[in-house]
Amino acid sequence: MSARRVLFDDGRLCVVANGDAVSGAPALVLSGEIDRNNSDRLGAILAEVRVTARMGDDVVVVDLAEVSFVDLSGLRVLDLLPGVRQQRALRVLNTPPFVRRLLGLLAPGGCDEGGWSG
């Protein structure tokens with residue numbers, strides 16, 4: 001998974017696969033808007049990447065640095081909402097400030113369970 005490859009692009013959300021240089025784990029770089037129109041497809045991509053990852057990889061790295069909008073369906077598919085854990089391990093990087101603010105409103109005590117980081 002070391003070569004960059006576009007997995008999805010609907011004109012609003014682009015998902016690019018790229019190997020994570022630090023851990024070797026599969027990495028996805030997301031850009032654009034994640035909403036109810038494309039979150040199901042993003043969820044399917046996350047599940048597929050996790051299943052097809054090399055044996056031994058326990059996480060899929062997801063970079064949100066270039067994401068400009070996320071609605072509740074996007075937060076769910078990214079495992080960011082407390083109490084909504086999926087059957088895949090994600091490590092979310094570069095969470096935009098607006099997402100952290102939204103999560104702070106939804107989970108005022110923090111979001112340890114979701115595994116998100118700045």
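Mentor: Start with a term. Helices (H or I, at least four residues) and strands (E, at least two) are DSSP runs, numbered from the N terminus. This is a predicted model. The chain has three helices and five strands. Read from the N terminus, the order is β-β-β-α-β-α-β-α.

Now the core. The largest nonpolar core holds 25 residues. Within this core, Leu28, Leu30, Leu42 and Leu78 touch the most other members. Who supplies the core? Strands S2 (13–19), S3 (26–34), S4 (60–70) and S5 (90–93) each supply at least two residues. So do helices H1 (39–52), H2 (72–77) and H3 (97–106). S4 gives the most, with five residues.

Zoom in on Leu78. Leave out residues up to four places away in sequence, and Leu78 touches Leu30, Ile34, Leu42, Leu46, Val62, Leu64, Leu90 and Val92. Two of those names, Leu30 and Leu42, were listed above with Leu78 for touching the most other core members.

Step back to the chain. Buried residues make up 42% of its 118 residues. Take the contacts with a separation of 6 or more: 59% of them join residues 24 or more positions apart.

Finally, look at the outside. Leu72, Leu105 and Leu106 form a nonpolar patch on the surface. Together they have about 300 Å² of accessible area. Leu72 sits in helix H2. The accessible surface of the chain comes to about 6300 Å², and 51% of it belongs to carbon and sulfur atoms.

Methods:
Residues are numbered from 1 along each chain as its sequence is written. This is a predicted model: local features need pLDDT of at least 70, side-chain atom pairs count only at pLDDT 80 or more; totals for chains, interfaces and linings use all residues. Side-chain values use heavy atoms; hydrogens and water are left out. A nonpolar core is a set of buried Ala, Val, Leu, Ile, Met, Phe, Trp, Tyr and Cys residues joined through side-chain atoms within 4.5 Å. Buried means under 20% relative accessible area, exposed over 50%, partly exposed in between (1.4 Å probe, protein chains only). Contact means heavy atoms within 4.5 Å. Patches are made of residues with over 30% relative accessible area and no salt bridge: like charges are joined within 9 Å, nonpolar side chains (Val, Leu, Ile, Met, Phe, Trp, Tyr) within 5 Å. Accessible areas come from the Shrake-Rupley method with a 1.4 Å probe; for residues, only the protein chains shown count as cover. A salt bridge is a side-chain nitrogen of Lys or Arg within 4 Å of a carboxyl oxygen of Asp or Glu.
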